Amino acid sequence: MSLVMNNLLLTDLKSVLEQEIRPLAQEMDHDPTALAKGLAVLAKNGWLALRRPRKFGGPALPDLEFRQFQVAIARYSGALAFLQTQHQSAVSMLSKSKNSALKEAVLPHTHNGERLIGIGFSQLRRPGPPLMKAAAVPGGFRLDGHVPWVTGHGFYPEFLVAAVLPDGQAVFGLVPLANTVGIKSSEPMKLAAMEAAQTVTVDFDGYLLSEKNIVFFQPPDWIVNNDLINISLQGFFALGCAWAGYDLVQSAANRRDTEFLHTTARALSKEIELCTAALEEDPESVPMEERLRRRAWVIDLMARCAHAGVVSSSGAANTANHPAQRVYRESIVFSVSAQTSAIMEATLDRIVQRAGTTHVEG
Ligand SMILES: Cc1cc2nc3c(=O)[nH]c(=O)nc-3n(C[C@H](O)[C@H](O)[C@H](O)COP(=O)(O)OP(=O)(O)OC[C@H]3O[C@@H](n4cnc5c(N)ncnc54)[C@H](O)[C@@H]3O)c2cc1C
């Protein structure tokens, strides 16, 4: 694990993950109660608001260290990595709000599980008429429409929703993640992976978002710009999943002590290190086309590592409780989360270009 964090809060991350998260990993994939235990481990250590400004309790972890934290969690459990990142994103977004009263009421309680918040803004990526609409009314905004993805139902009592105003701006606000007047969530989706994180759709019908719960307004092209910044940042989960695949190969190599398994493990770990260095470069110094290529690289690398984990685990990989098939399924989610058309194209380009070749280059 190329963890270079030296923040005191995080020095024992690896041992906590080894001792408390690894034993729960299989159960956390399909059992929300086990996943709640995993989330509680992070809460107990105060790790749920790592980007929170010092003014509200910190630790305001620098970007790179935060990404390394995300890689480390995804290496042990995709479900936990995916669940906790929704809340960490909500905390980061809330930190940027000008609504001081809301920040003071909420942010100090976001590191230890007292206040847990999901997000629901991927609908802003969809072209055409907005899926979620907002209209100004006395006291706030009336919200109507459909949120196609909100992860954390049953874990997070509230979430940060985005809805589009008639002028194209988006209003973001805190709303309940529970059925109430004007809000109806679906049953948790049946998913190939990370089902325990309880992803739902949420329908709004005339819900009043009160002024005091407004986080901020964003211009019409906000999601496009945000996605441009996030092209490589989202790839860190894929890196963690790639390490999880590598771990399976390495453990098979240790078990069977076969040279080709050791060679494979070495090759994968070398490529993961190279890809890590590429993703850790300051995104602002890397042209967009290259950032897209790197995101495609990490997705492709993750898929190969996950597959290598299956292959090196032999027939046992097919058993319902084997980590190899869990990691393989997790790679499905990390292949498409925060996907844009450009990322989809870059990913598919890489897959097509690779067809028929016998080796892969970064
Ligand atoms: C298990 C799971 C949980 C998730 N949880 C959350 C969550 O908690 N909160 C959250 O905000 N999001 C969540 N997401 C959403 C997630 O990040 C989306 O997968 C991602 O935004 C891609 O959107 P989409 O899958 O809805 O696909 P699409 O709607 O197909 O969007 C993918 C890209 O294609 C483009 N596109 C779509 N249709 C067209 C078209 N007709 N013409 C041109 N371009 C088009 C879009 O603009 C976008 O750039 C979750 C996703 C998954 C799989």
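A crossing of two helices is left-handed if the near helix is turned anticlockwise from the far one by less than a right angle, and right-handed if clockwise. Keep that in mind while looking at this predicted model.

Start with helix H8, residues 235-256, and helix H9, residues 259-280. H8 passes H9 in a left-handed crossing. Their axes are 9 Å apart, and the packing angle is about 165°. Angles over 145 degrees count as roughly antiparallel, so H8 is roughly antiparallel to H9. From H8 they include Phe236, Leu239, Trp243, Tyr246 and Val249. From H9 they include Leu261, Leu268, Ile272, Cys275 and Leu279. Charged residues take part too, among them Arg256 of H8 and Glu273 of H9. By class, the contact of H8 with H9 has 14 nonpolar, seven polar and three charged residues.

H8 has another partner. Helix H11, residues 323-336, packs against H8 at an angle of about 160°, with the axes 10 Å apart. H8 is therefore roughly antiparallel to H11. This crossing of H8 and H11 is left-handed. On the H8 side, the contact uses Phe237, Ala238, Cys241, Ala244, Gly245 and Leu248. On the H11 side, it uses Pro323, Ala324, Val327, Glu330, Ser331 and Phe334. The contact of H8 with H11 divides into nine nonpolar, two polar and one charged.

Now turn to helix H1, residues 13-21, and helix H4, residues 63-76. Their axes come within 10 Å and cross at roughly 20°. Angles under 35 degrees count as roughly parallel, so H1 and H4 are roughly parallel to each other. The crossing of H1 and H4 is right-handed. H1 contributes Leu13, Lys14, Leu17, Glu18 and Ile21 to the contact. H4 contributes Phe69, Ala72, Ile73 and Tyr76. Seven of these residues are nonpolar, none is polar and two are charged.

Around the ligand are 20 residues. Ile119, Arg125, Arg126, Thr151 and Ala338 come nearest. Which kind of atom of Arg126 lies 2.4 Å from an oxygen atom of the ligand? It is a polar side-chain atom. A backbone N or O atom of Phe121 lies 3.1 Å from an oxygen atom of the ligand. A polar backbone atom of Ser341 is 3.2 Å from an oxygen atom of the ligand.

Conventions: Residues are numbered from 1 along each chain as its sequence is written. This is a predicted model: local features need pLDDT of at least 70, side-chain atom pairs count only at pLDDT 80 or more; totals for chains, interfaces and linings use all residues. Side-chain values use heavy atoms; hydrogens and water are left out. Axes are lines fitted to C-alpha atoms, for helices over the stretch in contact, and angles run from 0 to 180 degrees between N-to-C directions. Helices (H or I, at least four residues) and strands (E, at least two) are DSSP runs, numbered from the N terminus. Angles under 35 degrees count as roughly parallel, over 145 as roughly antiparallel, 65 to 115 as roughly perpendicular and the rest as oblique. Contact means heavy atoms within 4.5 Å. A residue is near a molecule or strand if one of its heavy atoms lies within 4 Å of it. A polar contact is a pair of N or O atoms within 3.5 Å; within protein, one must be able to donate a hydrogen and the other to accept it, and residues adjacent in sequence count only if both atoms are side-chain atoms.
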